[in-house]
Amino acid sequence: MEKAKLMQLEIEEKRRLPQTVKDNISIDIFQNILAAIIIVAYLCAINIIYYKFESSMFEEYMKYFALGIILFTIIVFEISYRKNSLKFCFIGIELLVCGVLSLYIPYIYLHTTTALRCGIMVLPAGLVIYYGIKSLIIYKEKQFKYQNNLSDVKEIVKETEKSSYLDEDSKKTYREKRKQEEKIREELRYEQKKRKQLATKK
């Protein structure tokens, strides 16, 4: 009983994230932010090139940009496959979407309406918000997973405590039965003795 209580108190104290878990979360968020910086910097560079160069040069540069981002996406997918990492897989998908968008950007910038072009140009600001929310989700998910594992341990402690009570009850029941059996035997012996005495008197 006391041991179970001590274990529960220890678990409650450990609900605060230890440094190793914090470091793990920091690495995940850093990788997420790094991907955000690459994508946002990439889209900002496209906007700068659009304003600095002529249409033909812009289209030419965009071919190299699209090729570069697709190669980078392949590398990220390869890392994801080798490490069997869902995290890198998501980053790869984001980069892939960015690469596909790159193929359409020359057409959007040069042959569509100003409203659509402006919408694509402010996309980096939207991505900053998206990656900020994603980083918060990563933190909360890791925190929940850690605390949930502790809760599982707590449940095991409770189950162990319950089973120990059951064992205790079963032991008590067994002892009582033994006592009752012993009492019945004593009574039988006494009865047998009495009968023998009566038989000898006759």
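Setting aside neighbours within four places in sequence, Lys 134 is in contact with Asn 32, Phe 90, Ile 91 and Glu 94. Contact here means heavy atoms within 4.5 Å. The model is predicted: local features need pLDDT of at least 70, side-chain atom pairs count only at pLDDT 80 or more, and totals for chains, interfaces and linings use all residues. Residues are numbered from 1 along each chain as its sequence is written, and side-chain values use heavy atoms, with hydrogens and water left out.

Start with the position of Lys 134. The residue sits in helix H6, residues 123-201. Helices are DSSP runs (H or I, at least four residues), numbered from the N terminus. Is Lys 134 buried or exposed? Lys 134 counts as buried because its relative accessibility is 16%. The cut-offs are under 20% relative accessible area for buried and over 50% for exposed, with partly exposed in between (1.4 Å probe, protein chains only).

Now take its partner Glu 94. A polar contact of 2.8 Å links the side chains of Lys 134 and Glu 94. Such a contact is a pair of N or O atoms within 3.5 Å; within protein, one must be able to donate a hydrogen and the other to accept it, and residues adjacent in sequence count only if both atoms are side-chain atoms. Side chains of opposite charge can pair when their charged atoms come close. Glu 94 and Lys 134 also form a salt bridge, with the closest N and O atoms 2.8 Å apart. Glu 94 belongs to helix H4 (residues 86-111) and Lys 134 to helix H6, so the pair ties together parts 40 residues apart in sequence. Both residues are buried.

A salt bridge requires a side-chain nitrogen of Lys or Arg within 4 Å of a carboxyl oxygen of Asp or Glu. By this rule there are 4 salt bridges.

One of them joins Asp 28 and Lys 142, whose closest N and O atoms are 3.0 Å apart. Asp 28 lies in helix H2 (residues 19-52) and Lys 142 in helix H6, so this pair ties together parts 114 residues apart in sequence. Asp 28 is buried, at 7% relative accessible area. Lys 142 is partly exposed, at 24%.

Arg 82 and Glu 78 both lie in helix H3 (residues 55-83), 4 residues apart, about one turn of the helix. Their closest N and O atoms are 3.1 Å apart. Arg 82 is exposed at 66% relative accessibility, and Glu 78 is partly exposed at 36%.

Definitions and conventions: Helix = DSSP H or I, 4+ residues; strand = E, 2+ residues; numbered from the N terminus.
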